[in-house]
Structures are given as C-alpha cells and as structure tokens.
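Please read the points alongside the sequence and coordinates.

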Amino acid sequence: MFYRETGQFKTSYAADQALLPIAQDRYALLATLVIAFLVVPLVANEYWFQAVLIPFLVFALAAIGLNILTGYCGQLSLGTGGFMAVGAYSAYKMTTNLPDLNIVFVVLISGVITAAVGILFGLPSLRIKGFYLAVATLAAQFFLLWVLNKFGWFVNYSPSGSIAIPPRQVFDVTVTSAHAAPVARYLITLSFVTVLALAAKNLVRGSIGRSWMAIRDMDVAAEIIGIKPLQTKLLAFAVSSFYVGVAGAMFLCFWLGTAETEAFDLLNVSFPVLFMIIIGGLGSILGSFLGSAFITLVPIFLTNAFVGGLGMQAVTAKHLEIIIFGSMIIFFLIVEPHGLARLWQIMKEKLRLWPFPY
Amino acid sequence: MYLKKFVIGAMSAAVAAGAIATTTAMAAETLFIPSMVYRTGPYAPNGVPFANGYKDYFTLLNLRDGGIGGVMLEVEECETGYNTKVGVECYEKLKGKGALAFSPLSTGITYQLIPKASVDKIPVFSMGYGRTSAADGRVFEYIFNFPTTYWSQASAVIKYIGSKEGGMENLKGKKIAHIYHNSAYGKEANPTLEVLAEKFGYDLTLLAVDHPGQEQKSTWLQIRRLKPDWIYMSGWGVMNQVAVKEAASIGYPMDRFVGNWWSGTETDVTPAGAGAHGYTSTTFHAPGGNQALHDEIRKVVYAKGEGAGKESGVGEVLYNRGMLNAIFISEAIRRAQEHFKTKNVTGEHVRWGLENTDMKQEDWKKLGLVDFIGDIKVSCADHEGGGQVRVQQWDAEAKSWNFVSEWFTPMRDIIRPMIEADAAAYAKENNITPRDCT
C-alpha cells in the first residue's frame, strides 16, 4: 500500500539512473538523515553518543571499507585491524607534528596513507586467492601492529606506547579529545560517514564497481572481457584501505581519544568487522550498517537489559550475553545466509504486495 | 517458519528492551561507587579476587556502620573483560549514575579515562598502575596512583637485586631480563630500567609477551640462551601462570625471578605446584588474611552470606589489594564528608579527599590492619604518596606468601625528575596549564 512504485514514471536518463530509483526509498533515506542530523543530537545523552552511536558509525565505515574489498571484489582480508591502526597512528602523528593542519584533512590524509599501505599489501592478491590471501592479509595485520608497537617514532616515544589525540577544532568547535562535546564528535563522525557512504554507494554501481564484481565472480572471464586484474584489484585494496583508514582515524580522533595497538588486534577489530559484513550482507552498503549495528550494539543492549532491566549480576549477564549473542549469529546465518540486508530486501518485496499478497 | 518468526520477534523484543534499559538512568540518595571488574576472559584469575575484596569492604561498611557518615553505599559492577572499549562503555554508563571515583584495574582503561576525568570531574584512582607520570598532581589533577608507581617499583626491584648481589656496584655486567606484557601496562617500566641500566651498568634485555600471554615458548627459549642473572616480570592474568610454569620447567632459579606487584598472587603460582617454590614478587601491602579486618569481614559479611566470593578467598594477595583500594576510596569519602560538611559528596569532593590522604600506622590500626602497608601522604604536587615497597616470596609447601625484605623506599630522587619531565610533555601536547601547588 505504502511501498509501491506504481505511477512513478522516469522521464529522463538522470531519473532512471538515480541512486535510489523508488521515491519511497529516497524519502526514507532523507528522513533517516534528518533524524540522524537534527533529532538525535537533541534527544540523545552522552552515554548514547559515546557508547552506542559513535562506535556504530565508526565500525559501519570500517565495514563499508572491508565490504568493498571482500563483498564487491571478492578478496578476503583479515588485515582490517592493522589498516585501522595505520589510519589512527597517521592521524596521531599528523595532529601532534602539524598542529595547524585541520582535523578534517588529517582524517582524510590518514585514509590516503592507509590506502598506500593497502596497495602494498594488496600486491600478493595477484598471485594468491581465497583462503591463502586471507593468510597473507593476516600477516599484514600482525606486521603492521608489530611495527607500530616496536618503533617509538610512531608514538612520539611515549613510554607506555599509547597515543592520545590533543583537542582540535573545526569551525571553532572542539571535535576531538575529552574536551569536545559528545554531540560535536557525533556530528562530525556522522558527516564523514554520510559523505563516504554515499560515495561508496555511487562507486560500486558504476563501471569501477562492476569491474570489481566481475573480478569477484570469475576473474578469468573478467580478464577476457577486458578488465585488467592488476589495476582493478589494487584499486579495490586502495579504496577499501582508504575507508578503513578513515574509520581508524575517526576511531582515535572522535571516539576514544586514546589508543594502543592492542585496541586494533585481530579479535578486537579484524574478526568483528569481517563478521559485520557476513552478517550484514556481503556486497551491500546497507548491510555494512546493519552488520555494524548488530555486532556493536546487540551485546551492549543485551547487557543493559539483563543488568538494568532484570537486575542480574554483571558477570552472569556477561556470560549470558556471550551465549545469546553467539546463538543469534548462528541463527541468522542459518535463516538468512545472505545477511540482514537480504532479510530487509525480502521484507521490502513483501511490503510491495501488502496488504493483498497473491 | 513459525519458529523463525518467533525467534526473530523474541530477539527484537530483547534488543528493544535493552535499548530502553540503556536510556533509563536512576538517581539515588546513596553514595554510588562504580566497580569496573573482569570476572571473565584471560585476566579473570586476577580480576576476580580483586573485585571480591573491593566489594566485600563496601558491604562491610554497609552492614556494620550503615555506610559512610550515615549514607549507604551502592556498588555497581560493570564487566569490562579487561577490554578498553568495553571499559569506556562502562565508564559512560556508570558516570551518568553519579559515580564518585573510578578504579578500572587496567592500565589501558586508565589511559582512556585520564583525559575524561578532569572534564567530568570524577577522580580516577589507579592504585599502583596506570600512567606513572600521573604522580605529578600539578598536571594530572584528577588522577591518583598512590601508594607507588611502576617506575618507582622498577627502581625498587633494582635496589633489591643490588642488595642481594651485595651492593649496587656489583650490578655491573649482570644480565637482567624484563619480561613484559606487550601493552601500555607492561611497557611502563622499560624507560626506568633503561635509565638505571646506564647508571649501574647492568645489561638489560627486554622481552615482550603479546596479549593474552599464553604463548611464551620463544620468550623462554631466549631466556635459556641468554641465561640472565635476574628476571623481572610485568605480567597479568594468564601470562603470569604460564611464565612461572615455564621458568619452573627450564629449572630457572626461582628466587632470582622477581615479579612486579601484579605478578604475585596465589593464582599466579599455584598452577606450577612445587616448581614455583621460591618465586618472589614485589608488593606494597602485606599478604595473608590474619588481620583483624579480615576477621571482621568473615564475621559480618560472609557469616550473613553477603560475600562476593568464597570465604577461603579472603586474604589472597589480590583480595587484600581490592580491599585496600576500597579503604582508600571510603576514607577519602569520609574525609570529604567531614571537610565539606555534607553527606552527599560529589566527585570533586572525593578528589579533595584523595588528595589529602595522610595515613599513618595508627590510622591503619584503627581500621584493623597492623603492619599492612607503609605510611602514605598524598599532596597537591605528589599523587604518588611516597609509598614503600616490600618483596614477598612464595612458599609452595605452606601455600603462602612471606616477606623476605623489610619495607624500603624506591629511588625517588631518580624517578621524580623523570615523572615531571613526562608530565610536562603531556601538558604541552594537550595544552594543559599545570596547577600551582605552592
């Protein structure tokens, strides 16, 4: 009834090629953005910003990055944590050594640096595929963290090896460190994620995205129809690492403010982000958001429901949370192996026929 | 199909309920004490006794005295799993409920809270851990790390080794290895050990063990090759148990293996059995559960079934340390109540209370502790409090820790300038103007 495109005629090529061809989708996206930018800052409290919304956005961006590489181009990567660390440490080095550089550029340049590192570690992807590539990127994960941990230069020779971001402003509003209002950190994170997510959505449906998908589906066939595997794969590594690097920089600048390499290790970042895109949906930008919401928020909500709602002991709640969260992952993978994004799509198809399905 | 729908529905309901629970914060007329604990994960063996000691002491105050100054205490635990990100989530949640002081028992989480503490005006009391240079109270107004710090501890260990070698001049040419947890925590001692190596001429080898520390074969292979005269360890959680076992299996002389105060509790040495006999570690308080306060806890808390753990756990090294942490916080609250003449103190008041900690042996005796810890005096400039260190040794037959040294003072003349230099660098990087403490 509500979700039906009957009567929406496309009269120009531009309209036909729009990002979201169905009007309802456009309105929904606009409404989401309005709520996220205008309503949420008014109603959310510090806990929601710091513990729920900002981590969700940061990990959503990291998931988009990995989704470009793994979901669209088919190159399995376990190096997400290492690349995020590169982004975070680049941001730290730049803010402390070039105090006048605006934090927006710091974050973007961190992404570019990570992209360069990503290309370097993407080189083996031309020769090795699938699980073997996963092992090669695993090496990147350990190597990058080892380098950042080993050499004092990366942490300005701080004795503990942990990095802290100093206060920085955008338009005279402090957006980094504990001195920044949580709402300011939320809004700048949201702005980055919105712009980059729209860019990614556009990228993956154009010729570049199609060539990535061609490589993913069958690289020999793709080569035969004229797609160069070298450039295409390396571009996927570069773009993906850029996104992951920006996410890492935001992780440090707008979310935690302080980090050490342990925060980016395999079990803390690389696997969770991989699970995000598997549960959210491989090859889907929306899926990256859904997966990030699932992995970062469900454990928090479960714990709060048990401790705050039911008055359980913190440790019992933690054990229950691990059990339930694990079963939820298995459940969703059984009922919908294509992820939450596919579930959403099925729902949309049902909505089109509602209330008179045939 | 029904099952699928049912499960999805149930899950959505649970998550929605959680989301609602996340938004409701309650205000209470009690003194709210947050307790960041880890009773799960690879660090649980050490996290559990500490959390129990912390909780039990506050329970004792509630049951015996009706709280502090007539106001009941409300202790809420939040499980961090020693994970910094979860720790920050816990901090945000507990902060909203009117937390008076945080003791995260994790150097990583402490580093996260340091910049927040002065903004939120809630003191962070990292007792013997966290950032060493926070001992400079002029820069780190809201951070406390008395009775003593990692750097002081490392210098104390060198002093102890020197005394065992028959004088500091005999350290020249000796080989000392530092096995450390490869994190902010483990690395803290390195700069001090390096500075002292230059001064006393011993050969220092730094050996990192990655989180969580179950895999140490290569580390101990290096030890076998190197044959160091002394080993110093900064470990935590399962890493300690593995290291002590490995040392025992290669036949390393255990009395030359010194752990720091986070590597010397019962659970660290019991898995190695008789092999751990003679292992030493530093400490800043006495082991054992024979003090009057312990009897009180057994009588008042455990007899009523209100204990946080098993009664046999009362008096373990880390239990005592959790208890000590609770004592420092509750005494700070009491002091603040008296000074500000209000029962419902705030984080700022408690900060004042912590900064004016001045506890001598007679004060400890009143609390039921005799020869438990050295005298502590915190001041505006010095948040380290001048605590003293002692070395304890594990007796595997009696299954107890015993002191093998007297109380002694770390090399504060060397450490204090290092602290001030590091604090000044931090202040410069973060645009902080140091307070005037004169």
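1. In this predicted model, helix α7 of chain B has Asn190(B), Thr192(B), Leu193(B) and Leu196(B) as its buried residues. Viewed along the axis of α7(B), these residues fall within an arc of 155°, so they line one face of the helix.

2. The partners of that buried set all belong to chain B: α5 (150–164), β5 (175–181), α6, β6 (203–209) and α15. Just after α7(B), Gly201(B) adopts a positive phi of about 80°.

3. Helix α7 (190–200) is also among the elements of chain B that give two or more residues to the side touching chain A, alongside α1 (2–23), β2 (73–79), α3, α4 (107–120), α6 (184–187) and α15 (412–429). In total, 43 residues of chain B are in contact with 39 residues of chain A. The largest share of the chain B side, ten residues, is supplied by α1(B).

4. Across the two chains, helix α3 of chain A (residues 46–72) packs with helix α3 of chain B (residues 84–95) at an angle of about 165°, their axes being 9 Å apart. An angle over 145 degrees counts as roughly antiparallel, and α3(A) and α3(B) are therefore roughly antiparallel to each other. The crossing of α3(A) past α3(B) is left-handed.

5. To this helix pair α3(A) brings Glu46(A), Tyr47(A), Gln50(A) and Ala51(A), while α3(B) brings Val88(B), Glu89(B), Glu92(B) and Lys93(B). The residues of this contact comprise three nonpolar, one polar and four charged.

Key
Residues are numbered from 1 along each chain as its sequence is written. Chains are lettered from A and ligands numbered from 1 in the order in which they are written. This is a predicted model: local features need pLDDT of at least 70, side-chain atom pairs count only at pLDDT 80 or more; totals for chains, interfaces and linings use all residues. Axes are lines fitted to C-alpha atoms, for helices over the stretch in contact, and angles run from 0 to 180 degrees between N-to-C directions. Helices (H or I, at least four residues) and strands (E, at least two) are DSSP runs, numbered from the N terminus. Angles under 35 degrees count as roughly parallel, over 145 as roughly antiparallel, 65 to 115 as roughly perpendicular and the rest as oblique. A crossing is left-handed if the near helix is turned anticlockwise from the far one by less than a right angle, and right-handed if clockwise. Two residues are in contact if their C-beta atoms, placed from the backbone, lie within 7 Å. Ala, Val, Leu, Ile, Met, Phe, Trp, Tyr, Cys and Pro count as nonpolar, Asp, Glu, Lys and Arg as charged, and the others, Gly among them, as polar. A residue is buried if 20 or more other C-beta atoms lie within 10 Å of its own, exposed if 12 or fewer, and partly exposed in between; C-beta atoms are placed from the backbone. The arc is that of the directions from the helix axis to the C-beta atoms.
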